[in-house]
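Please read the following note beside the sequence and the structure. The points are set out in numbered order.

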Amino acid sequence: MNRSTGRDYLAIPGPSVVPDRVLRAMHQGAPDIYEGPLVDMVPGVIRDLKAIAGTRHHLAIYIANGHGAWEAALANVLAPGDGVLVAATGLFAHGWADIARGLGAEVQMLDFGRQAPVDPARLQAALEADRQHRIRAVMAVHVDTSTSLRSDIAALRGAIDAAKHPALLLVDCIASLGCERFEMDAWGVDAMVAGSQKGLMTPPGLGFVFFGERAAQARRRAPVSRYWDWEPRVAPQMFYQFFGGTAPTHHLLGLRAALDMIGEEGLDRVLARHGRLARAYWAAVGAWGQGGALALNVEEERHRAHAVTTLRMGAPDATRLRRWVKENAGVTLGIGLGMASADDPGADGFFRIGHMGHVNAHMVLGVIGAIETALTALQIAHGRGALEAAADVLAA
Ligand SMILES: *Cc1c(COP(=O)(O)O)cnc(C)c1O
């Protein structure tokens with residue numbers, strides 16, 4: 001029997017599902033980039049993105065994926081030889097650290113492993129040890145997409161201040177923006193990077209760098225190249241006509257539609273929906289774990305992301321399960337990323353579920369049902385009642 005014909009569901013943590021409304025907005029001929037609706041639309045896009053980020057300061061938009069935004073943020077605040085302190089809670093902080101090394105920074109890693117968030121006390125101690133203030137910036141990832149850990153960003157600013165250290169706080173919100181509450185100004189974040197293809201429901205290709213006044217000051221001593229310089233990009237008319245080159249026309253049209261959807265639902269409700277759907281997944285995993293080796297990677301609920309969930313089971317079962325649901329149920333789950341170990345070199349004991357952006361209850365219940373079916377078909381020991389447990393969360 002063919003069980004998978006019908007609409008497929010890419011349930012990986014980015015790129016996320018692109019709503020039909022976003023696709024329709026992009027389905028048009030090339031617009032005028034010098035005047036007219038596209039140009040008129042941009043100030044509103046910038047305003048809405050800043051509202052989601054919780055900032056009244058600046059936003060530079062690049063035609064780039066998250067890696068480009070990573071580089072853009074660092075290139076504007078670092079000079080070769082500057083020290084940076086990277087707080088790692090999974091693979092992505094290591095990736096960002098590599099970009100810093102590429103720019104000539106001296107990288108100090110504070111690695112919290114794969115199951116714990118950033119510990120502010122350790123961060124404070126590392127900054128207190130830096131008596132000469134060689135560390136220019138602390139870099140951290142809000143939600144790490146490999147481990148599904150979420151760190152308390154306000155507490156990191158607290159640690160920097162408690163150490164009486166002048167370092168900038170730079171945060172990667174690529175997985176979390178539009179899924180988790182983020183208060184850039186209130187939490188004392190100096191620069192934040194995001195991308196279009198996760199919580200913002202638009203295809204990959206737009207990179208965002210939000211920055212405040214202290215970061216803008218730091219830009220003065222950074223030898224940033226013309227293209228990555230964020231200064232001209234904060235003025236929308238410059239962005240089109242002089243320094244940025246051709247505008248990312250269709251991405252902007254799609255993003256406008258996505259921001260309209262967020263605005264119509266209301267940001268608070270969007271965030272609450274992500275929390276509720278995440279808890280439905282956690283409840284399902286709790287039920288499976290009662291009778292087998294399936295478990296959430298992050299034990300403590302308050303450290304779990306609302307945008308992505310990483311699950312652990314015996315290797316190689318996670319890979320078998322992923323293949324089964326893809327071939328038989330039309331659902332693509334995320335691979336185990338950054339979870340390889342000596343016992344499990346292929347990370348075959350991990351998989352991830354993305355629940356960012358355009359996701360609703362029936363999609364979540366469908367994925368849970370598909371996983372349940374795969375566990376049964378593959379005769380992997382598991383507790384029953386996952387769908388009931390998820391339904392209870394969604395019904396409450
Ligand atoms: C997806 C992601 C990135 C990388 O973004 P790309 O667009 O793939 O370059 C970086 N950090 C986090 C937390 C992510 O989820």
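1. Where is the place of histidine 355? Histidine 355 sits in the loop between strand S14 (350-354) and helix H12 (361-377); helices (H or I, at least four residues) and strands (E, at least two) are DSSP runs, numbered from the N terminus.

2. This is a predicted model, in which local features need pLDDT of at least 70, side-chain atom pairs count only at pLDDT 80 or more, and totals for chains, interfaces and linings use all residues. Residues are numbered from 1 along each chain as its sequence is written, and side-chain values use heavy atoms, with hydrogens and water left out.

3. Histidine 355 counts as buried because its relative accessibility is 1% (buried means under 20% relative accessible area, exposed over 50%, partly exposed in between, with a 1.4 Å probe and protein chains only). The side chains of histidine 355 and threonine 309 are joined by a polar contact of 2.7 Å (a pair of N or O atoms within 3.5 Å; within protein, one must be able to donate a hydrogen and the other to accept it, and residues adjacent in sequence count only if both atoms are side-chain atoms).

4. Threonine 319 belongs to helix H11 (residues 317-329). With 8% relative accessibility, threonine 319 counts as buried. Its side chain forms a polar contact of 2.5 Å with the side chain of aspartate 348.

5. Histidine 355 and arginine 7 are 348 residues apart in sequence, and 17 Å apart in space, C-alpha to C-alpha.
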